[in-house]
Amino acid sequence: MSSPAVATGDLTKQYRETLALDAVSLSVRRGSVYGLVGPNGAGKTTLLGILSGLRRQTAGTFSVDAARIGVLSDTPSFDSWLTAHEVVDLSRSLNAPDTEDAAVDHVLHLTGLSDVARRKVGGFSRGMLQRLGLAAAVVGEPDVLLLDEPAAALDPAGRREVLDMITALRGTSTVVFSSHILDDVQQVCDTVGILKAGQIVYEGTLAELVRNTGHDAAYHVRIRGSGDGLVGVLRSCEWTTGVELDGDVITVSASSAPVLERELMRCLARADVPIVSVAPIERSLEDVFLEVTQ
Amino acid sequence: MTLWRLEVTRLIRSYRIWILVGIFGFFGVLGPLTARFLPEIVDRLGGGAEITVPDATPELAMAQYLGNALQLGLLAIAFVAALALAFDAKPEMAAFLRTRATIPQILTPRYVLNMAASAGSFLLASAVAFVVTAVMIDVPNVGGTIVGSMLVGLYICFAIALTGLFASVVRGVPGTALLTIGALILLSIVGLLPAVGPWLPSDLVGSYDALIAGGDFVYWRAVATALVLSGAAIAVSVHRMEHREV
């Protein structure tokens, strides 16, 4: 197994009274897309700032194993008198001087800025600046990309394009990106790290996160007619951890999903009640995120 | 686009080079003109009162240029240099540069080209003042004008090095520029002390008039101090900026 492209060990950052990062240890697999999520003030920007060399850690270690690193700050800003082409070309000449000039036009095209490539950036909207920042970050195909909220200021179409770009980088670049938009994370990330008050409270795949977060498995059972009898039967079963009736829907919980799936059907078969539907309650990433971070 | 070309583009597109050339050029013409027509000006504004004014001489014309140009010129130089050197004032812009280049790579073109633009503007305007003086009054001391201009040019470079130092102490552009102006004024006041005056860079400003008037070159100490302090200010600014977080 290859060494991680980005790794931190007990990384700590203290700002006077505030502990921004508290012994953060994470590992980002080479070629993967790693989502750093967490509520505002969790330490995402501080962590990316340290990884990109803009801030220094108070304690701990980190490594970014890359010849070229592309960085996008959360609110990119450029000299207003430069054109979009000049901004990306400056980034190319600094980050990847051996890359051909044509790469500049290529990334401007990818980010949808070809039409305004010769316009000065002073009049650009925040969304356009974000696209430009992304173009400047990806030009020269960096080995590691550190993106702070890359899609935050974009409209839905722009966000889709940016997420597609990030997805396309998988395998060639290692991408670490922070976001508070869980849907974005869900769409493009292999692995997530959830930061809460400066600590990593979860690191792993999204599927594992949803599956393993310590919460009861639950089903909705929709019935026709009175459900009181069935509720009584279910409550008497020792494997249930919760049975709630709300109108014609009974919510049945158990500590184990396999037990629930097996026993619930037996119970329903025994009960003489018309069943309309039986469906598992899918927990969204947002539910899990809120559960983990609150 | 390289960092050198970025700096040239900044000076041109943000009109900063034209501001410097305009200010110094304006006084390069105005200084000799006011010296030449001072009696007439005083006569018109005097309201009948009898005021004695010195005769128009090349020395007076060049002194008028320096006196007027350097006051406003140093203010402009400090702000123009601060706009380039205090690049941490906007953290997002600083992040773009700092994650792609080292601090010496970022600062070198900014120091060199701002010094060249500022000192060059002064030297150019000094040449203009020389020509206007020669046409309107008489030819000033050529050697004194050249050496005096170069010494003031060195003082301007020192002022920019000082701006860089303050840019590494505070982040804002106004703060950087005002600290620079304050430090230059303080140095001028300290320079009034006979024991330390000849050692201070502010002594270079006085060399202009004195050398054009035919005075001896006695400015080695001020030159040495300006060079040493400029180098030290630049080195400290690089060190501080390398260790500053954005």
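## Basis of the description

Helices (H or I, at least four residues) and strands (E, at least two) are taken here as DSSP runs, numbered from the N terminus. By that scheme, B:Tyr15 falls in the loop between α1 and α2 (16-45) of chain B. This is a predicted model, in which local features need pLDDT of at least 70 and side-chain atom pairs count only at pLDDT 80 or more, while totals for chains, interfaces and linings use all residues. Residues are numbered from 1 along each chain as its sequence is written, chains are lettered from A and ligands numbered from 1 in the order in which they are written, and side-chain values use heavy atoms, with hydrogens and water left out.

## The interface of chains A and B

Contact, meaning heavy atoms within 4.5 Å, involves 27 residues of chain A and 23 residues of chain B. The buried area, which is the accessible area (1.4 Å probe) that two parts lose on being put together, summed over both, is about 2300 Å² between chain B and chain A, and carbon and sulfur atoms give 57% of it. On the side of chain B, the residues B:Met1, B:Arg100 and B:Glu245 supply 32% of the area buried against chain A, more than any other three residues.

Polar contacts (pairs of N or O atoms within 3.5 Å; within protein, one must be able to donate a hydrogen and the other to accept it, and residues adjacent in sequence count only if both atoms are side-chain atoms) join 14 residue pairs between chain B and chain A, both residues being at pLDDT 80 or more. The elements of chain B that give two or more residues to the side touching chain A are α1 (3-13) and α4 (91-98). By class, that side has nine nonpolar residues, five polar and nine charged, where Ala, Val, Leu, Ile, Met, Phe, Trp, Tyr, Cys and Pro count as nonpolar, Asp, Glu, Lys and Arg as charged, and the others, Gly among them, as polar.

## A:Glu86 and its salt bridge

Three salt bridges (a side-chain nitrogen of Lys or Arg within 4 Å of a carboxyl oxygen of Asp or Glu) are found across the interface of chain B and chain A. A salt bridge links the side chains of A:Glu86 and B:Arg13, with an N to O distance of 2.8 Å.

A:Glu86 belongs to helix α2 (residues 84-95) of chain A. With a relative accessible area of 11%, A:Glu86 is buried, a class that means under 20%, whereas exposed means over 50% and partly exposed lies in between (1.4 Å probe, protein chains only). Apart from its neighbours within four places in sequence, A:Glu86 is in contact with A:Trp81, B:Met1, B:Arg5 and B:Arg13.

## B:Gln64 within chain B

Helix α3 (residues 58-85) of chain B holds B:Gln64, which is buried at a relative accessible area of 19%. Leaving aside neighbours within four places in sequence, B:Gln64 is in contact with B:Gly31, B:Thr34, B:Ala35 and B:Leu38. The C-alpha atoms of B:Gln64 and B:Thr34 are 7.8 Å apart, although 30 residues separate the two along the chain.

## A hairpin and positive phi values

In chain A, strands β11 (residues 240-246) and β12 (residues 249-254) pair in the antiparallel sense over six bridges, pairing being assigned if DSSP finds at least two bridges between two strands. A:Leu245 has A:Ile250 of β12(A) as its bridge partner. The hairpin has two residues between the strands, and A:Gly247 takes a positive phi near 70° in this hairpin.

Positive phi is also found in residues other than glycine: A:Glu141 has a phi near 45°, and B:Tyr15 has one of about 65°. A:Glu141 lies in the loop between α4 (126-138) and β6 (144-148) of chain A and is exposed at 69% relative accessibility. B:Tyr15 is exposed, with a relative accessible area of 57%.
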